[in-house]
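Open the model in your viewer and keep the selection tool at hand. The tour goes from one selection to the next.

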Amino acid sequence: MSNQTNSDNKTFKALVVEETSEGTFAKNIQERHVSDLPDNDLLIEVHYSSLNYKDAMSASGNKSITKNYPHTPGIDAAGVVVSDKSGTFSEGQEVVVF
């Protein structure tokens, strides 16, 4: 994640899949803001990630896997905790998500 002066303006790069008006699917690496993320309990600074079989199907536009686009595929990750509202994890703790 790129640090900027305001924590709301922290950015990261993500693969974003969008459905075009022609019904095709475009994939691009986009600069996103942390404020674009859902307001969940846990924020992880991802150091490593991968795309699994279902992610590849979603990125190809398979509507039985992903119903709403734009979509950022990828649920497997390793990194460190930035914040945790639940108190389960400590800031800086290394985690693996799969």
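Which residue forms a salt bridge with Glu19? Select Glu19 and Lys63: the two form a salt bridge, with their closest N and O atoms 3.0 Å apart. A salt bridge here is a side-chain nitrogen of Lys or Arg within 4 Å of a carboxyl oxygen of Asp or Glu.

Before going on, note that this is a predicted model, in which local features need pLDDT of at least 70, side-chain atom pairs count only at pLDDT 80 or more, and totals for chains, interfaces and linings use all residues. Residues are numbered from 1 along each chain as its sequence is written, and side-chain values use heavy atoms, with hydrogens and water left out.

**Salt bridges**

Stay with the first pair. Glu19 lies in strand 1 (residues 11–19) and Lys63 in the loop between helix 1 (53–59) and strand 4 (76–84), so the bridge links distant parts of the chain, 44 residues apart. Helices (H or I, at least four residues) and strands (E, at least two) are DSSP runs, numbered from the N terminus. Glu19 is partly exposed at 38% relative accessible area, and Lys63 is partly exposed at 38%. The classes are buried under 20% relative accessible area, exposed over 50%, and partly exposed in between, with a 1.4 Å probe and protein chains only.

How many salt bridges does a search of the whole structure find? The search finds 3. Select Asp39 and Lys85 for another: their side chains meet with N and O 2.5 Å apart. This pair also links distant parts of the chain, with Asp39 in the loop between strand 2 (25–33) and strand 3 (42–50), and Lys85 in the loop between strand 4 and strand 5 (94–97), 46 residues apart. Asp39 is exposed at 68%, and Lys85 is exposed at 56%.

Then select Asp36 and Arg32, whose closest N and O atoms are 3.5 Å apart in a salt bridge. Asp36 is partly exposed at 43%, as is Arg32 at 23%.

Strands pair if DSSP finds at least two bridges between them.

Strand 3 and strand 4 are joined by 8 bridges. Select Leu43 to find Ser83 of strand 4 opposite.

Move to strand 1 and strand 2, which pair antiparallel over 9 bridges. Here Leu15 stands opposite Ile29 in strand 2. The hairpin of these strands has 5 residues between them, and Gly23 there takes a positive phi near 85 degrees.

**The largest pocket**

Which residues lie nearest the centre of the largest pocket? Select Phe12, Leu37, Leu43, Ile44 and Val46, which lie nearest the centre among 39 lining residues. Strand 1, strand 2, strand 3 and strand 4 each give two or more residues to this lining, and strand 3 gives the largest share, 7 residues.

Definitions and conventions
On a 1 Å grid over the protein atoms alone, a cavity is a set of points where a 1.4 Å probe fits but cannot get out, and a pocket is an open set with protein on both sides within 12 Å along at least five of seven lines; lining residues have an atom within 4 Å of a point.
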